[in-house]
Amino acid sequence: MGKYLRVLAGKAKDLSISLSDSTDVVYEAWKIHNTTPVATAALGRTLTATHLMGTFIKDEKASVSLQISGSAVLKRIYAYADGAGFLKGYVSDPNIPLMVKDNGKLDVSGAVGVHGSLMVSRDTGYGEPFVGQSDLVSGEIAEDLAYYYAHSEQQPSVISLGVFVDSEGVPTAAGGLMIQTLPDVSEESLSSLEKRLPMIRPMSEMIGEGMSLEAIVEEILGDIPFTIMVENTFEYRCDCSRDKVERALITIGINELKSILNEDGQTELSCHFCGKKYLYNSSDLKWIIKELEQGAK
């Protein structure tokens with residue numbers, strides 16, 4: 001299971017800090033999707049970012065999703081978190097070739113591109129969801145999300161996302177950090193935070209060293225006081241079902257369903273999030289078509 005911590009920092013408790021150890025979740029996603037290293041890092045960062053946003057959800061019916069639409073090899077990365085602490089996601093091309101920067105690090109930016117977009121959807125479970133969007137600025141995902149917060153939600157944020165993938169292609173450390181100021185933040189808190197920012201190490205590095213989230217907060221903040229507000233766990237879980245997949249199948253329409261029935265006699269659909277396969281044979285298709293025709297009368 002993943003672990004997360006949310007604290008309020010500063011003498012006036014005017015700094016909000018959320019951080020997570022998403023190693024187990026990213027590992028589970030890697031096993032499900034069989035991603036190559038760059039796709040693993042990109043999906044892992046997106047999952048971690050989505051979970052950080054999801055930590056503010058208070059209702060189990062609520063959810064938040066993050067979609068990265070790239071302009072390079074990775075055309076789409078999507079992650080979804082709900083109020084129950086469950087997380088899921090997928091990447092459009094899990095098997096992209098290895099891309100490495102000059103410094104030896106995985107080139108997520110090169111795989112995503114810098115001319116795409118980022119879209120956040122927040123659903124309270126009641127009424128229409130809020131959808132916000134911004135352009136990508138680097139393709140690194142953390143910088144792109146910070147830009148989104150600043151320009152779409154007018155919320156200055158410091159965001160760090162990291163996934164370490166070993167020489168065997170296995171993600172062995174992953175985590176994220178989000179620091180945001182609360183309304184009427186004091187100059188003292190801002191000044192103290194600004195002094196600490198250059199010293200923040202990558203989350204995957206600290207988690208890879210075996211540090212606890214509380215120890216990471218202590219290293220990040222130094223002598224800035226903090227209070228732990230929330231400490232909990234989260235996990236990768238897909239809630240797909242035959243009924244949900246069937247509803248998606250219905251959306252292609254009667255004519256297309258009849259074409260599938262006449263040409264192939266059956267169809268098999270796979271869940272984007274967990275890879276589970278659902279087979280609809282001729283009897284299933286005939287029943288769905290009959291229900292649609294009766295509903296159209």
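Mentor: Two strands pair if DSSP finds at least two bridges between them. Strands are DSSP runs of E with at least two residues, helices are runs of H or I with at least four, and both are numbered from the N terminus. The model is predicted, with pLDDT of at least 70 needed for local features and 80 or more for side-chain atom pairs, while totals for chains, interfaces and linings use all residues. Residues count from 1 along each chain as its sequence is written, and side-chain values use heavy atoms, without hydrogens and water.

Trainee: Which residue of S6 stands opposite Ser 69?

Mentor: Start with the strands. S3 and S6 (residues 117-123) are antiparallel, paired over seven bridges. Within that pairing, Ser 69 faces Ser 117.

Trainee: Which residue of S4 stands opposite Ser 63?

Mentor: S3 also pairs antiparallel with S4 (residues 76-82), through seven bridges. The two form a hairpin, with six residues between them. Opposite Ser 63 stands Asp 82.

Trainee: Why is S3 largely enclosed by the rest of the structure?

Mentor: Look at burial: buried means under 20% relative accessible area, exposed over 50%, partly exposed in between (1.4 Å probe, protein chains only). S3 spans residues 63-69. The strand is largely enclosed because the number of its seven residues that are buried is six.

Trainee: By how many degrees are neighbouring strands of the sheet turned against each other on average?

Mentor: The sheet is open, has 10 strands with mixed pairing, and runs S7-S6-S3-S4-S5-S10-S1-S2-S9-S8. S7 (130-135) and S8 (157-165) have a single partner strand each, so one side of each lacks a neighbour in the sheet. The angle uses lines fitted to C-alpha atoms, and angles between N-to-C directions run from 0 to 180 degrees. With direction ignored, neighbouring strands are turned on average by 15 degrees.

Trainee: What is the bridge partner of Tyr 4 in S2?

Mentor: S1 and S2 (residues 15-21) run antiparallel, joined by seven bridges. In S2, Tyr 4 has as its bridge partner Ser 20.

Trainee: How many residues apart are Tyr 4 and Phe 234?

Mentor: Rings of Phe, Tyr and Trp (its six-membered ring) pair if their centres lie within 6.5 Å; planes under 30 degrees apart are stacked, over 60 edge-to-face, the rest tilted. The whole structure holds six aromatic pairs. For Tyr 4 and Phe 234, the centres are 6.3 Å apart and the planes at 50 degrees, so this pair is tilted. Tyr 4 sits in S1 (residues 2-9) and Phe 234 in S10 (residues 226-236), and their separation in residues is 230.

Trainee: How many residues apart are Tyr 78 and Phe 273?

Mentor: The ring centres of Tyr 78 and Phe 273 lie 6.0 Å apart with planes at 50 degrees, so the pair is tilted. Tyr 78 is in S4, Phe 273 in the loop between S11 (267-270) and S12 (277-280), and their separation in residues is 195.

Trainee: How far from the ring centre of Tyr 280 is the charged end of Arg 242?

Mentor: A charge sits over a ring if NZ of Lys or CZ of Arg is within 6 Å of the ring centre and within 35 degrees of the ring normal. Lys 88 does this over Tyr 80, at 5.1 Å. For Arg 242 over Tyr 280, the distance is 4.1 Å.

Trainee: Which exposed residues does H8 carry on the face turned away from its buried side?

Mentor: In H8 (residues 242-250), the buried residues are Val 245, Glu 246 and Leu 249. They fall within an arc of 105 degrees seen down the axis, so they line one face of H8; the arc is that of the directions from the helix axis to the C-beta atoms. The face turned away carries Asp 243 and Arg 247.
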